[in-house]
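Here is a short tour for anyone meeting this protein for the first time.

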Amino acid sequence: MKTVILSSDAGFEHRLPPPHPENPARLRAVLDAFADTPTLASIERIEARRASREEIARVHVPAHVDLVFEGEPADHEAFHGFDFDTFMSRGSLEAALRGAGAAVQAVDLVMAGDTEAAFCATRPPGHHAERHRPMGFCLFNNIAIAALHALDAHGLSRVAIIDIDVHHGNGSQDVAEHEPRLVFGSLHESPLYPGSGHENETGLNGNVINVAVPAGTDGAVWRDRLAHDIIAPIEALQPEFILVSAGFDAHRADPLANVQLDEGDFAHAAALLADFSRRSASSRLVCCLEGGYELGALGRSAAAFVETLAAR
């Protein structure tokens, strides 16, 4: 698939109180791994634009948007906390706007036919941010903002979000439960933060698919459940665009979870998702970086994932 990478140095300016696991070194690990992968050298890199208030407000209520726009501290050394693990520093707003903007921009590029696939290498992540509140390291829900943009700005009738982060994408599910044109599927470890994503959670419109795997799940089981329990039922709904919350924290080395994947499993996932998008969605695929907290594993996994997309 023709693939582009969207990113912004603004992602390095979003800081959290040390030793927070969601830190600027994560973005550096991903971009360095891309630079060190010869087959990715020719992939076009695009500077992420800012999202507008109007684009963000398709997902988040006005009070949430105001909270983030006004939450950045004036002091460069200060932090503003929304909960026990979600903070803003000086520079966080620009990073959050570029993260959401990258996802929207990627949708536009794919819909214009400029590329088939896009990977948004930005931070902070987004899939835990609900319509009403930031949480779980996330300020705006980048993937959901992109999905609503695809539906409203491009007139699509059904869009799918597939979440492969090891933590359940509660924020994306929250959006899907209020938007029948959206289908959401999540493959995640349970029990684990944020405690949601049980398999009996199917959404108000039956458009939510949750697949929970236990600690210790290996790559063979995980790949099988992605193919048969997430992709197959979503394909039956014939989505016109596929968005992926690409978290890499199901890697066996990750300190925040207990699923036993390696880089090859993420490459396999990319192949499944690329082929799915070709069959069902006219090769329309946008992926946004979510979690991954062991730097070496994160970089290698993200590079293997994007390398596979570009090779399909």
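Let's start with the big picture. The protein has nine helices and 10 strands. Its radius of gyration is 17 Å, close to the 20 Å that the globule rule gives for 312 residues, so the protein is as compact as a globular protein of that length. Keep in mind that what you see is a predicted model.

Of the 312 residues, 60% count as buried. The protein exposes about 11,000 Å², and carbon and sulfur atoms supply 51% of that area. As for how the chain meets itself, take the contacts between residues at least 6 apart in sequence: 76% of them join residues at least 24 apart.

**A strand on the inside**

Now zoom in on strand β1, which covers residues 3-7. Is it buried or exposed? Five of its five residues are buried, so β1 is largely enclosed by the rest of the structure. Both faces are covered: T3, I5 and S7 are buried on one side, and V4 and L6 are buried on the other.

Which strands does β1 pair with? One is β5 (residues 117-121), which runs parallel to β1 and is joined to it by five bridges. Another is β2 (residues 44-47), also paired in the parallel sense, this time over four bridges. V4 is a handy landmark here: it stands opposite A118 in β5 and opposite E44 in β2. To get from β1 to β2, the chain crosses through helix α1 (residues 24-35), and this β-α-β crossover is right-handed.

**Cysteines without a bond**

How many disulfides are there? The count comes to zero. The sulfur of C138 is 11 Å from the closest cysteine sulfur, in C288, and that is too far for a bond. C288 isn't in a disulfide either; its nearest cysteine sulfur, that of C120, is 4.1 Å away. A disulfide would need the two sulfur atoms within 2.5 Å. C138 is buried, with a relative accessible area of 0%, and C288 is buried too, at 3%.

Most residues other than glycine have a negative phi, and most peptide bonds are trans.

| Site | Feature | Backbone angle |
|---|---|---|
| R123 to P124 | cis peptide bond | omega about 10 degrees |
| Y193 to P194 | cis peptide bond | omega near 5 degrees |
| F137 | positive phi | phi near 75 degrees |
| S282 | positive phi | phi near 55 degrees |

Where do these sit? P124 is in the loop between β5 and α5 (142-154), and F137 is also placed in the loop between β5 and α5. P194 lies in the loop between β7 (182-189) and β8 (208-213). S282 is in the loop between α8 (263-280) and β10 (285-289).

F137 is buried, with a relative accessible area of 11%, whereas S282 is exposed, with a relative accessible area of 55%. The cut-offs behind those words are under 20% for buried and over 50% for exposed.

**Two more stops**

You'll find P214 in the loop between β8 and α7 (219-235). The C-alpha atoms of P214 and S190 are separated by 5.6 Å, although the two residues are 24 residues apart along the chain. What does P214 touch, leaving out residues up to four places away in sequence? Its partners are E189, S190 and V259.

Finally, have a look at S301, which lies in helix α9 (residues 295-311). S301 is buried, with a relative accessible area of 0%. Again not counting residues up to four places away in sequence, S301 touches F248, H251, E263 and F266.

Key:
Residues are numbered from 1 along each chain as its sequence is written. This is a predicted model: local features need pLDDT of at least 70, side-chain atom pairs count only at pLDDT 80 or more; totals for chains, interfaces and linings use all residues. Side-chain values use heavy atoms; hydrogens and water are left out. Buried means under 20% relative accessible area, exposed over 50%, partly exposed in between (1.4 Å probe, protein chains only). Helices (H or I, at least four residues) and strands (E, at least two) are DSSP runs, numbered from the N terminus. Two strands pair if DSSP finds at least two bridges between them. A crossover is right-handed if, with the strands pointing away from the viewer, the path from the first strand over the helix to the second runs clockwise. Contact means heavy atoms within 4.5 Å. The radius of gyration is taken over C-alpha atoms; the globule rule is 2.2 Å times the number of residues to the power 0.38. Accessible areas come from the Shrake-Rupley method with a 1.4 Å probe; for residues, only the protein chains shown count as cover.
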